[in-house]
Amino acid sequence: MFRIHGTFDASMFDPSGTSQAAQQDETIGQAAFDLHQDEIPLEQQQEASAGPSYGVASGDVEHRSVSYQPDMNLVVISNRGAPFDPNKPQTGGLAAALQPVVEHSGAVWMFSSENRGDGTERPLPLVRAGEGHVVELDLPAAHHRGYYRDYSNSTLWPILHSLSDRMSRAEEGYDSYRQMNKFIARAAFDLRDRDAFWVHDYHLLPLGSDLHNLGIERPTGFFLHTPWPTPDMIERVPNHRELMKSMLEYDLLGFQTNRDLNNFLACLRTYFELESKDGVVTTERGQTRLQKFPIGIDPKQFAEHLAAELSPAEQEKISSLLQNFEGAKFAIGVDRLDYTKGIDKRVEAFDQLLAAEPGSISLLQIAPSSRADVDEYQKYKEDVENAINHVNAEHGTEEWRPIHYTNDPFSQAALARLYRAAHVGVVTPLRDGMNLVAKEYVAAQDPKDPGVLVLSKFAGAAEDFNRDEALLVDPNHPEEIADAISKAAKMPLEERVRRFRSMMDKIGSYTIHDWSADYLRELDKSRITVPADQFHHLGLGWTNEAQMPLYQNYAAALTAYNEIDPADAALKEAACADVKSAFVALAAPLKHTQDRLWDLPAPTASRGDHRGQELGGRED
Ligand code: F6P
């Protein structure tokens, strides 16, 4: 932890002062911010920013132990949860990502149950899950439709994926969405003494602000699993300004890719004239740090899935599916039945491919139904099924069906087997946060005879895998997808192995465990960790690591000011203005920190009786 010594009084720096005043302040300021760099361990000084660094080049998965901030009692909150049963199917990437975090870190994970409640708050039913716990909340029936169907999935979801044509009921559901977030915040209030809150996905954009409004002052972080769009796209969401403002109540905002992070920063610039400096945005509330944390998988666990025993029923299902492809090439697509996944265009690509190369390859499309009460999803299901029927009628024979399609969900272990058997993995969403199917398909391959990944340019995974690894395509153009599938199916072994190894290195060097550990390490920087025996130093001069960039800006401005010859009045005046604005930027979060410091445990009597006086008589 960096420490800034001494106390600090905002009134010391008179923003309307002259250069002479500034000269005087410089002495006070320097003393107030006497940074003891020698207290910073070297590795911390050299620490790179969060995110993957791909260094391993072996093709083997490197297994490293990753710390989950073991002393952090974490609360995880999301709409969807995981079943915590390897034989049950999981829905979406979020569940797959958070299950290991909770199992290994001892976190409490709160998510929506399958039941609806009457809105009455009840004691939280904590159920053990590995080292952690889960709490399933019965969300109030009265607001569920507006929250989940109307606002989250008919308004936010299409816009976050830049598919505004799919947006409907733009005005509906917002009130329920806000009420539901407040309800969840009240439920989380029972966990207020835990160290930090990690909120997930677009259903809960304003939850951080609701937690703060209830007086919860622990660090709160948010991670967005979907993409974030450009300013002109988010403009179509009613209340977008209010929502984005509430997001700035979080201490840390995490995005999947640089594209999403940059889009969000562009929105802050457009709608609030806010600029980030070193990944930090400062508002009256305090600081919000913004970073990318590309989500990964656990390749070791995926290897274990391949070896795991399936239930007899699932084994039977898998065997009969695979019988369809015996001796022939097939590609696999695994997606929630969602219009963002580009399944219709993929089917069109097969239509074109089979017209050019009859009987060359089949498709196994697994598409569990999703959000069936949203009109657009019902329409999409019909469109996909009509397109598949057309291809099968056009290109099928008595003995051979081009596309095998099922809405059944499968366990991870069953999917691992299907991925391994498929010659091509087709992951062609129109837009996607990351798409873990892309990584899972690669992780399931036989290193000696791997399949090839055809990947949409607009999936987050395409920021991880380059052209020398996956075959990147524009998912809006079936002809491009068709060409890529054809190329993949014919690719020589040597090239397949080279591409596979390179992708495996990346998957192994930044796993789901690295993702969560990186995120939690960053979130932990917002925790106030003033040692109890230093309590008498409390004041604005104490801060946390996350505030360092602003302090450094201030220190740099002060140094620049000092270096200017006093004879050069104009330059001195300009430098003084820089010092002042750096000071103003720093003062707000420091004040915020001070407000939160009083949550710290009271010092024990043995540590000295004088401290109460120095703290202005406060007990804590
Ligand atoms: O990973 C994206 C995501 O939208 C998650 O937010 C969600 O949990 C999952 O897909 C499935 O969606 P739903 O919970 O609506 O079935």
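Modeller: Nine strands make an open sheet of mixed pairing, in the order S5-S6-S4-S3-S7-S8-S9-S11-S10. Strands pair if DSSP finds at least two bridges between them; strands (E, at least two residues) and helices (H or I, at least four) are DSSP runs numbered from the N terminus. This is a predicted model, in which local features need pLDDT of at least 70 and side-chain atom pairs pLDDT 80 or more, while totals for chains, interfaces and linings use all residues. Residues are numbered from 1 along each chain as its sequence is written, and side-chain values use heavy atoms, with hydrogens and water left out.

Biologist: How do S5 and strand S6 pair?

Modeller: S5 pairs with S6 (residues 132–140) in the antiparallel sense, over four bridges. The two strands form a hairpin with two residues between them, and Gly130 in the turn has a positive phi of about 60 degrees.

Biologist: Which strands does helix H5 touch?

Modeller: Helix H5 (residues 174–188) packs on the sheet against strand S3 (74–77), strand S4 (108–117), S6 and strand S7 (196–200), and its direction makes about 140 degrees with that of S6. Contact means heavy atoms within 4.5 Å. Angles run from 0 to 180 degrees between N-to-C directions, and axes are lines fitted to C-alpha atoms, for helices over the stretch in contact. Helix H18 (residues 512–524) lies across S3, S7, strand S8 (220–223), strand S9 (252–255) and strand S11 (286–292), at about 130 degrees to S7.

Biologist: How are two packed helices described?

Modeller: By the angle between their axes and the distance between the axes. For helix H12 (residues 343–356) and helix H16 (residues 478–490), the angle is about 65 degrees and the axes are 8 Å apart. Residues in the contact include Phe350 and Leu353 of H12, and Ile481 and Ile485 of H16.

Biologist: Is Leu453 buried or exposed?

Modeller: Leu453 is buried, with a relative accessible area of 0%; buried means under 20%, exposed over 50%, and partly exposed in between (1.4 Å probe, protein chains only). Leu453 belongs to strand S16 (residues 452–456). Beyond its neighbours within four places in sequence, its contacts include Val427, Tyr441, Phe465 and Met503. The C-alpha atoms of Leu453 and Glu469 are separated by 8.0 Å, the two residues being 16 apart along the chain.
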